[in-house]
Amino acid sequence: CASDSYTSSQLEILCKQLYETTDTSTRLQAEKALVEFTNSPDCLSKCQLLLERGSSSYSQLLAATCLSKLVSRTSNPLPLEQRIDIRNYVLNYLATRPKLAAFVTQALIQLYARITKLGWFDCQKEDYVFRNVIVDVTRFLQDSVEHCIIGVTILSQLTNEINQADTTHPLTKHRKIASSFRDSSLFDIFTLSCNLLKQASGKNLNLNDEGQHGLLMQLLKLAHNCLNFDFIGTSTDESSDDLCTVQIPTSWRSAFLDSSTLQLFFDLYHSIPPSLSPLVLSCLVQIASVRRSLFNNAERAKFLSHLVDGVKRILENPQSLSDPNNYHEFCRLLARLKSNYQLGELVKVENYPEVIRLIANFTVTSLQHWEFAPNSVHYLLSLWQRLAASVPYVKATEPHMLETFTPEVTKAYITSRLESVHIILRDGLEDPLDDAGLVQQQLDQLSTIGRCEYEKTCALLVQLFDQSAQSYQELLQSTNSSSMDIAVQEGRLTWLVYIIGAVIGGRVSFASTDEQDAMDGELVCRVLQLMNLTDSRLAQAGNEKLELAMLSFFEQFRKIYIGDQVQKSSKLYRRLSEVLGLNDETMVLSVFIGKIITNLKYWGQCEPITSKTLQLLNDLSVRKLVKLSAVQFMLNNHTSEHFSFLGVNNQSNLSDMRCRTTFYTALGRLLMVDLGEDEDQFEQFMLPLTAAFEAVAQMFSTNTFNEQEAQRTLVGLVRDLRGIAFAFNAKTSFMMLFDWIYPSYIPILQRAIELWYHVPACTTPVLKLMAELVHNRSQRLQFDVSSPNGILLFRETSKMITTYGNRILTLGEVPKDQVYALKLKGISICFSMLKAVLSGNYVNFGVFRLYGDDALDNALQTFIKLLLSIPHSDLLDYPKLSQSYYSLLEVLTQDHMNFIASLEPHVVLYILSSISEGLTALDTMVCTGCCSSLDHIVTYLFKQLSRSTKKRAAPMAQESDRFFHIMQQHPEMIQQMLSTVLNIIIFEDCRNQWSMSRPLLGLILLNEKYFADLRNSIVNSQPPEKQQAMHLCFENLMEGIERNLLTKNRDRFTQNLSVFRREVNDSMKNSTYGVNSNDMMS
């Protein structure tokens, strides 16, 4: 039905269906009808009717959300009068109906916040109409408790709304509004929230009364939103908790110098129920993190002493901390004590000895209760890590007492992890060792903490390790031991091996003594002895987690004790030689290689172990390894009988073969060391791969073959080859590989793409191999003067891109969740391949047209077909695709501008708008690529233009003429980009200013009139007293710039631009409204 005929009652029924029905199809139809309604012209008046007469909460919700959409739209925005009316209407509606459903109130407040934010700079008769927020709210605050709650929620929601950048409006506009709001209103709102909290805490609050409880909660949320405000536009990412500094403006100093603000929150914590206290602690975390430069040293010491007193009081009355949310926030508060203050300042606080004792006891107790709030441990460990790291640097004379307390923390962590093993196995709980990221994070922290008073750490580890290892050995020798007991000891040993690896990795060369190195030796000997024991049992049984711990240990050991910068006389090696007979680094390396081969032999089917083992092999230094007999064995026997993961068995998945590439990269590097020009040795090494290719060729030659087997053999083979090709980055070795594969085996790859284009598990590895082969890494692709191989290689590349491209486009509609895997990933690799071959400098592309060879045209036309099949949004949504597309575009605009100029108008516009969108991308690589492509296009246009105005001008080539014509018909494309680039340079945090400056000059010279208009509108948007300065900035920008694009002129412009940007920023910072925001950064 036509949307204009919806009556209120019909809309109510639709809302009910949308929010209440359980039947999916009914709900989808209702949703469709309501979307039509929101786009209908009479939506505005209908929404008002719904709010006036609507009998159900759902229809009120619909009206509020529709109005929010209407006021937010960027095209065809609502006129100012209408928005003022909606705002006043919403405020009255809320004031007269305090008992609305919570979600309706929420939606209406959201609508008010949205209107206020987007209209922040709107003026009516010299008055900023949407800025008198506090006045709007005051009348709510003087009324009943329900009204108070609404008023506070409005301020809270508004602060939040202004702090959140949305995707539909440019970031520059968001920052402008946020800064103005910060300077004009935020402090008043914060002060108001503190005053109301003071009043509330002064009264005898009856928190069983739902209204008062709700009001207090909203007040705390409001205070928290104020303190959480992004004051200087730095925290784009919400998830990182390490941005520990709150950039409070200088004009707020009074609130923090006055200790009553801090006191207020600590008092509230003790007087309100645990359901609300996490919010209080969140506020305290922010207050504790106020930037250091807000205070001078004396003020900071006083502030810190109040803060530490408050913390002490909480530790002395820890009842509320049994609530996990309180506990979590309190751990965050403790961590901030060290992230924002120095150990030298902490030790001067008068109760420091007592407080550090309380914190240590609290930490030890927390670690012992490992099952309670495991995610909060991170903050406690980070506090101790920072404390331990500062010990060598502290200058204060007061004792820091960390040598007493840090070992207690280390001991509590280690013993509690070991004690948890038995309980986790007994009760079938989740094993923390399964979360590798979390364990790694804790071990990194422990590596610093455990190095404080290291001899105590080592003594403890040796004692615990010996106990477990002995019990383990006895259990293995006994005939009637239970598997549970064995598992417990293996679990304990796993933790110990991880921890030993971590503390060894924590060795700092300048602070390390011979005694400590000897202690490291004690620990290493024990792990290696344990490894000999477990390896000897691998034929019967093995423990995956323990093996992963060993690999982590080897990684740390390699980092610290293997390599060119380690003293060979290290006490560690002396101990290894005494106990295990390992006299030097070469012998230790052979232990490494032995372990690597053992793992690949026995754990070939276990992906985590295989990939970590291969990573270790790749990280070891090549030259020292080649001499080892075990390495020679690998180079001569890389077949599936020795290394099961190279087998083509039917269990493994096609995508599980990734580790083969890593394996062959390592082998390729080892082979290259002594390969030189020895072709026989190369042929010998390639025998297993030659046999595999012949097998696939054999299958392809018959009509009936086992498709699964062929796919497995081929995928394994191309992954192996890609590893070798990646490792061979010198001309001699790469040419051997090239002659081996071309022309004999390339047709097999082409055939595979024809057959299996719709199976990404097959095409991706093949395309990646081809992209690696055409990549001129370290100038390895250099053909002799008389060799046509460069051109022939390009023909093969073109053929593969065309074959894949034309076939992949026959897939038709692909579901959104599979589009990347099935289609875009392959296309992205084709783009990278084309980019590599076009920029490889081993093909002269002029010869193709000269000799009527269509290889170049085919490749470029396929690129265009593929490109037009991808919606713009996908180009930027998938990072790998956007990087490969924009870097290809950069090469095309640089070297093949004639091709770009000859394209159809809709294609040219597609490419230009993709550049325009890429200019504002978050990925700097994409953004830089766009600048360069734009620069090439603009320069091309400018040259054509200046050529056509010369006296003896040759007539313009046909394609240039057409391109020129398209540009004249669509001047807004180039103008839009001029405006974007200028805005980014003036208003945004421009990370690649040099790249941005390159296209800007050409854009200005092509659009002088538009540039003048743009300049005037920017100047006029400034406050009157700033306009002269801004005008001068623009004058200086074009000072001494000529009307050409010669390098000298461009460089001059780039220099002018950086001065321009600095001056404009200074002028805008010293703004008259509110504080002088310059000292925000000091």
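The model is a predicted one, so please read every value here as computed from it. A search of the whole structure turns up 4 cavities of 30 Å³ or more, and the second largest pocket has a volume of about 680 Å³. The largest nonpolar core takes in 363 residues.

**The largest cavity**

- The volume of the largest cavity is about 100 Å³.
- Its lining consists of Val 308, Leu 337, Leu 346, Val 349, Tyr 352, Val 355, Ile 356, Ile 359, Leu 383 and Leu 387.
- By class, that lining has 10 nonpolar residues, with no polar and no charged ones.
- Two helices, H17 (352-368) and H18 (377-390), each supply at least two residues of the lining of the largest cavity.
- H17 gives the most to this lining, with 4 residues.

**The second largest pocket**

- The second largest pocket, at about 680 Å³, is lined by 21 residues.
- Nearest the centre of this pocket lie Ala 771, Ser 828, Ile 829, Ser 832 and Ser 884.
- Helix H35 (760-773), helix H37 (819-838) and helix H41 (879-895) each provide at least two residues of the pocket lining.
- H37 has the largest share of the lining of the second largest pocket, with 7 residues.

**The nonpolar core**

- Within the largest nonpolar core, the residues with the most contacts inside it are Phe 256, Phe 265 and Trp 384.
- Helix H22 contributes the largest share of this core, 12 residues.
- Phe 256 is worth a look in your viewer: leaving aside neighbours within four places in sequence, Phe 256 is in contact with Phe 190, Leu 227, Ile 248, Ile 287, Val 290, Leu 294, Phe 295 and Phe 303.

**Thr 494 in helix H22**

- Thr 494 sits in helix H22, which covers residues 483-505.
- Thr 494 has a relative accessible area of 1%, so it counts as buried, the cut-off being under 20%.
- A polar atom of the Thr 494 side chain lies 2.6 Å from the backbone oxygen of Glu 490.
- Setting aside residues up to four places away in sequence, Thr 494 touches Leu 433, Lys 545, Leu 546 and Ala 549.

**Asp 520 in helix H23**

- Asp 520 belongs to helix H23 (residues 514-536).
- Asp 520 counts as buried because its relative accessibility is 0%.
- Not counting residues up to four places away in sequence, Asp 520 touches Arg 451, Tyr 454, Ile 504, Arg 507, Tyr 561 and Leu 572.

**Pro 324 in helix H15**

- Pro 324 is found in helix H15, which spans residues 324-340.
- With a relative accessibility of 43%, Pro 324 counts as partly exposed, because that class lies between the 20% limit for buried and the 50% limit for exposed.
- Pro 324 and Ala 373 are 49 residues apart in sequence, and their C-alpha atoms are 6.2 Å apart in space.

Conventions. Residues numbered from 1 in each chain as written. Predicted model: local features only at pLDDT ≥ 70, side-chain atom pairs only at ≥ 80, totals over all residues. Heavy atoms only, no water. 1 Å grid on protein atoms, 1.4 Å probe; cavity = no way out; pocket = protein on both sides within 12 Å on 5 of 7 lines; lining within 4 Å. Points joined across faces, edges and corners; volume = space filled by probe spheres on them. Nonpolar A, V, L, I, M, F, W, Y, C, P; charged D, E, K, R; others polar. Buried < 20%, exposed > 50% of the residue type's maximum accessible area, 1.4 Å probe, protein only. Polar contact = N/O pair within 3.5 Å; in protein donor to acceptor, adjacent residues only side chain to side chain. Contact = heavy atoms within 4.5 Å. Core = buried A, V, L, I, M, F, W, Y, C linked by side-chain atoms within 4.5 Å.
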